[in-house]
Structure formats: structure tokens, C-alpha cells
Amino acid sequence: MFKKFSSEEVSAQNQVKASVQRRIRQSIADEYPGLEPVMDDLLPKKVPLIVAKCQNHLNLVLVNNVPLFFNIRDGPYMPTLRLLHQYPTIMKKLQVDRGAIKFVLAGANIMCPGLTSPGGALDDAVEAETPVAIMAEGKQHALAIGFTKISAKDIKKINKGIGVDNMHYLNDGLWKMERLD
């Protein structure tokens, strides 16, 4: 999704009204209850919140020109990897084995066998169409953020095809863009 992403892909940046800002804050707080204690630091009420509209129905939530969250169409807000590395416990995690790491870092979707092999790990509580952090076997930080296509139980049962859509991964365009100026 963000493979060749750059600031040229941003078509409009709008400072949102207070009511829209409240709605964004509330939906992020509902999706990630672990962020509740630091929500005022992340999305301060007095600092203007900017939503950058990009191609392919993508929205970036910016605070002080730093992208913190993104969403597609009206889907759930997902944190950027930089934010996830600061607060690693906010998302449910799935782990891929060592063989899948290079493919995930190239932008490939996460296949079911990479999650169910001996190096992989699944959280059975993960439902279909849920944002998840993709961890790597033997690594501390997340290497990608994905959106599950099927539930973790179905990934175990079917063990074939794409299990998680890769939305944002290390060294993609959004990772390289620390600030949007």
C-alpha cells in the first residue's frame, strides 16, 4: 500500500473541526484502549489535527506534521509503525516465521503457512477484518501492520492462501516520511 508513497501523493490537507477531531479521537480510543493514558499526549486537544487525503481513499492523521494514524475509506484507524514501536502493546499481534520476513519487508501479504509454521504464532482472539501488528520470529519490534482477511482460527484450519493484508511495513514510503511538510 505504501510501497512508493511520498508527499506528492497527498492531494489535500485539512485542519478538521473540533467535532471531527473528537470523533477521530473517540474511534482511536475505542479501537486501541491501551492508548487511553497517553491519548492527550498523542492527540492534544489544543493542537490542530490535520487530515491529509491521499490517493486510493487513504487518510493520514497528522499532529505537528507527523503522521500518527492512517485509514482507508471509513475503515478502522491504524497506527504508523513509528507509533507502534513507541507503544508496542496497543495492537493484537501475529508472528511470522523467519522465512517470511524478507517477503513481508518487500510488501507481500502474509500467507497462512507463514503464521502456522513452527516459528509463527497466532492469537486465537483475533477476528476477521482486524488491524494487527506483524511480529517476526526472534525480533523485538513489529515489522508490519496488517489487516486480517480471515480469523486466526480459520488461518489455523485452512492454512492456505492470504491470511493478512500487509498495509504498512518497515522501510516503505510512510516509514521513510517522518514528517509531512
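Is Tyr-32 buried or exposed? Select Tyr-32 to start: with a relative accessibility of 2%, this residue counts as buried, where buried means under 20% relative accessible area, exposed means over 50%, and partly exposed lies in between, with a 1.4 Å probe and protein chains only.

Before going further, note that this is a predicted model, in which local features need pLDDT of at least 70 and side-chain atom pairs count only at pLDDT 80 or more, while totals for chains, interfaces and linings use all residues. Residues are numbered from 1 along each chain as its sequence is written, and side-chain values use heavy atoms, with hydrogens and water left out.

**The whole chain**

Display the protein as a cartoon, and there are 7 helices and 10 strands to find; helices (H or I, at least four residues) and strands (E, at least two) are DSSP runs, numbered from the N terminus. The radius of gyration is 16 Å, close to the 16 Å that the globule rule gives for 181 residues, so the protein is as compact as a globular protein of that length; the radius is taken over C-alpha atoms, and the rule is 2.2 Å times the number of residues to the power 0.38. Along the principal axes, the C-alpha atoms fill a box of roughly 50 × 30 × 25 Å.

Of the 181 residues, 48% count as buried. The protein exposes about 9,500 Å², of which carbon and sulfur atoms supply 50%, the areas coming from the Shrake-Rupley method with a 1.4 Å probe, and only the protein chains shown counting as cover for residues. Among contacts with a separation of 6 or more, 61% come from residues 24 or more positions apart, a contact being heavy atoms within 4.5 Å.

**The open sheet**

Next, select strands S1 to S5, which form an open sheet of 5 strands in the order S1-S2-S3-S4-S5, with antiparallel pairing; two strands pair if DSSP finds at least two bridges between them. Strand S1 (10-15) and strand S5 (78-79) stand at the edges with a single partner strand each, so one side of each is left without a neighbour in the sheet. Inside this sheet, 6 bridges join the antiparallel strands S2 and S3, and Cys-54 has Leu-58 in S3 as its bridge partner.

Now move to the loop between strand S2 (49-54) and strand S3 (58-63), where Asn-56 is found. Most residues other than glycine have a negative phi, yet the phi of Asn-56 is positive, near 60 degrees. Asn-56 counts as exposed because its relative accessibility is 64%. A further positive phi, near 55 degrees, belongs to Asn-64, which lies in the loop between S3 and strand S4 (66-72).

**Aromatic pairs**

Show the aromatic side chains, which give 3 aromatic pairs; rings of Phe, Tyr and Trp (its six-membered ring) pair if their centres lie within 6.5 Å, and planes under 30 degrees apart count as stacked, over 60 as edge-to-face and the rest as tilted. Phe-2 and Phe-70 have ring centres 5.1 Å apart and planes at 85 degrees, so this pair is edge-to-face. Their pairing links distant parts of the chain, since Phe-2 is in the segment before S1 and Phe-70 in strand S4, 68 residues apart. Phe-2 is buried at 0% relative accessibility, and Phe-70 is likewise buried at 0%.

Returning to Tyr-32, its ring centre is 6.5 Å from that of Phe-69 and the planes are at 25 degrees, so the pair is stacked. Tyr-32 sits in the loop between helix H1 (18-31) and helix H2 (39-42), whereas Phe-69 is in strand S4, 37 residues apart. Phe-69 is buried, with a relative accessible area of 0%.

**Residues 92-171**

Finally, select residues 92-171, where UniProt (unreviewed entry) places the feature "domain: PUA"; positions follow the numbering used here, feature names are shortened, and annotations may be inferred rather than shown by experiment. The end C-alpha atoms of this span lie 22 Å apart, and the span is 20% helix and 32% strand.

Within the span, strand S8 (residues 131-136) is mostly covered, with 6 of its 6 residues buried. Pro-131, Ala-133 and Met-135 point one way from S8, while Val-132, Ile-134 and Ala-136 point the other way. Strand S6 (residues 92-96) pairs with S8 in the parallel sense over 5 bridges, and Lys-92 stands opposite Val-132 in S8. Strand S9 (residues 144-148) pairs with S8 in the antiparallel sense over 4 bridges, where Ala-144 in S9 is the bridge partner of Ile-134.
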